[in-house]
4 protein chains.
Amino acid sequence: MNKVVLIGRLTKDPELKYTPGSGTAVTTITLAVDRRFSKDNQREADFIPVVIWGKSAESTAQYMSKGKLMSVAGRIQTRSYEAKDGGRRYVTEVVAEEVKFLEWGNKTQGQNGGFAGNDEPGYGASFDDMTPIDDGDIPF
Amino acid sequence: MNKVVLIGRLTKDPELKYTPGSGTAVTTITLAVDRRFSKDNQREADFIPVVIWGKSAESTAQYMSKGKLMSVAGRIQTRSYEAKDGGRRYVTEVVAEEVKFLEWGNKTQGQNGGFAGNDEPGYGASFDDMTPIDDGDIPF
Amino acid sequence: MNKVVLIGRLTKDPELKYTPGSGTAVTTITLAVDRRFSKDNQREADFIPVVIWGKSAESTAQYMSKGKLMSVAGRIQTRSYEAKDGGRRYVTEVVAEEVKFLEWGNKTQGQNGGFAGNDEPGYGASFDDMTPIDDGDIPF
Amino acid sequence: MNKVVLIGRLTKDPELKYTPGSGTAVTTITLAVDRRFSKDNQREADFIPVVIWGKSAESTAQYMSKGKLMSVAGRIQTRSYEAKDGGRRYVTEVVAEEVKFLEWGNKTQGQNGGFAGNDEPGYGASFDDMTPIDDGDIPF
DNA sequence: TTTT
DNA sequence: TTTT
């Protein structure tokens, strides 16, 4: 059992890539998720790396941008890679199985859109056809 | 919103520490969580670091050992620290808010126990009095 | 372990009540949660009863209204009561432990508000000081 | 978003049925899930109805029995039906998407088994090939 | 650096 | 109608 649910805001615009092998779409984003209690009273957040595969990777790149709010359901994945200094680095990230856009708007379309569906702010959308075709590694 | 649920096995015996400041108990474990689908058909797992605070940290150290099965509900936390080579390292880990022991047995008690409650194998136990008194940093 | 996360829209305006005993605030709402796959392709939803206690009950009554989007984290609770026909009825509902408002606006304030914070649509807000002071039964 | 995770014990032996239409396997169980805090200090539980479809329905019927511990990940579903007295009844239940057996043993096999895998008590097993082929209604 |  |  390995279940995660997050609601948070993109720390940057998503960047869409494709695996060298099969050309599967993949987007890696970081979600800023507000913490409920903070030591002092200043706003605090966790910055959680999220990998999105397939059609949802493309939707995220198309409809989301820096600062927008979205939810992710998925699982935690760990992997390691060799760093440039020769040392091994261990990565813990969330792999999305379901995403929902809670605010819309891509930078290239202006702050608030220019596409159908945007008239209903916060309407939300689900993309879940996301069988992680884990055929290659993340290309970055 | 930041919610995680895991069921997995300890990769090593838990090691209990106390924060230098307030002496709060803290245990860091790694859970091996089986993946549902693997590329080929060999067994695969994610190795997820989990931090447990307070009374639950002590219970985990007391009742759990390498290989035992437990569940954790909590949240994902990110932090960074300065590595010995001067570079910044980013850590993503789970902070437990609720733990449940699905198998019992501490190494020092033999494989299958030697304490009350062990007669009922797999009975389970919850420890949830785990207000993360985040008063210092993790002492390691 | 008993964990639930929902994102959905209120099917009606929330109605705030107080327990006869200790006067604890309580709101019961129904969330319409879209299903991901439907038999045919028409929109389908589950209508999930949610009980909210304490300060969050008051916040929900104040800031939410029919059609607004919110998230709830909590647990499933079952209870039974005697129906008017003498038969026993069994109720399964969600008890909120954390709520987040993903869209704002109370009916009495017009569709889009009239209170601070509304300028940032979809900004979101968390209320989690929700120790369920389960001192009486739900007064309805 | 509609996510549920439960760990609990079967209140009765599971009973396997097949839909009249396509003959899909389906099992309905009730899980007794311990509450974390109770008013007084007596043990309390929620009794949560869970519907399991497909191959997992068959596995549950085969390997689980009254009192055994299992985990379920899934979603909350609501439906209504006409009662014998003509009134409408509303049902809220969990539909399993993933099940894991935390204790083994089918009644017909004796308390502790008689099948391979049972030698390793609490080893656990996942069944997740559970595309809910929602082709008919639950046949009971 | 990994568990059954 | 409930489990350990």
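**Asking how we know: a predicted four-chain model**

Me: Happy to start with a single atom pair in this predicted model. The backbone nitrogen of C:Phe47 lies 2.9 Å from a polar atom of the D:Thr78 side chain. What makes this a polar contact?

Reply: The cut-off for a pair of N or O atoms is 3.5 Å. The separation here is 2.9 Å, so the pair of C:Phe47 and D:Thr78 falls within that limit.

Me: Where is D:Thr78 found in chain D, and what else does D:Thr78 touch?

Reply: D:Thr78 belongs to strand S5 of chain D, residues 69-82. Leaving out residues up to four places away in sequence, D:Thr78 touches C:Arg35, C:Asp46, C:Phe47 and C:Ile48, together with D:Val91 and D:Thr92.

Me: Let's move to chain B. Is B:Val95 buried or exposed, and how do you know?

Reply: The relative accessible area of B:Val95 is 2%. That is under the 20% cut-off, so B:Val95 is buried.

Me: Which residues is B:Val95 in contact with, leaving aside neighbours within four places in sequence?

Reply: They are B:Val51, B:Trp53, B:Ala73, B:Gly74, B:Arg75 and B:Gln77. B:Val95 itself sits in strand S6 of chain B, residues 88-101. One of its contacts, B:Gly74, is 21 residues away along the chain, yet the two C-alpha atoms are separated by 5.5 Å.

Me: Good. How do you know that chain B and chain A are related by a two-fold axis?

Reply: Chain B is superposed on chain A by a rotation of 180° with 0.0 Å of shift along the axis, at an RMSD of 0.0 Å. That is the relation of a two-fold axis. Among the residues of chain B, B:Val4 comes closest to this axis, its C-alpha at 2.3 Å.

Me: And why can we say that these copies meet through the same surface?

Reply: Because 100% of the interface residues of chain B are also interface residues in chain A.

Me: What makes up the contact between chain B and chain A?

Reply: Each side is listed: 23 residues from chain B and 23 residues from chain A. Together the chains bury about 2100 Å², with 46% of it on carbon and sulfur atoms. B:Met1, B:Ile76 and B:Thr78 supply 25% of the area that chain B buries there, more than any other three residues. Between the two chains there are zero salt bridges, while 11 residue pairs are in polar contact, both residues at pLDDT 80 or more. Strands S1, S4, S5 and S6 of chain B each give two or more residues to this side, and S1(B) gives the most, with six.

Definitions and conventions: Residues are numbered from 1 along each chain as its sequence is written. Chains are lettered from A and ligands numbered from 1 in the order in which they are written. This is a predicted model: local features need pLDDT of at least 70, side-chain atom pairs count only at pLDDT 80 or more; totals for chains, interfaces and linings use all residues. Side-chain values use heavy atoms; hydrogens and water are left out. Copies are superposed by least squares on the C-alpha atoms of residues with pLDDT of at least 70 in both. Contact means heavy atoms within 4.5 Å. Helices (H or I, at least four residues) and strands (E, at least two) are DSSP runs, numbered from the N terminus. Buried means under 20% relative accessible area, exposed over 50%, partly exposed in between (1.4 Å probe, protein chains only). Buried area is the accessible area (1.4 Å probe) that two parts lose on being put together, summed over both. A salt bridge is a side-chain nitrogen of Lys or Arg within 4 Å of a carboxyl oxygen of Asp or Glu. A polar contact is a pair of N or O atoms within 3.5 Å; within protein, one must be able to donate a hydrogen and the other to accept it, and residues adjacent in sequence count only if both atoms are side-chain atoms.
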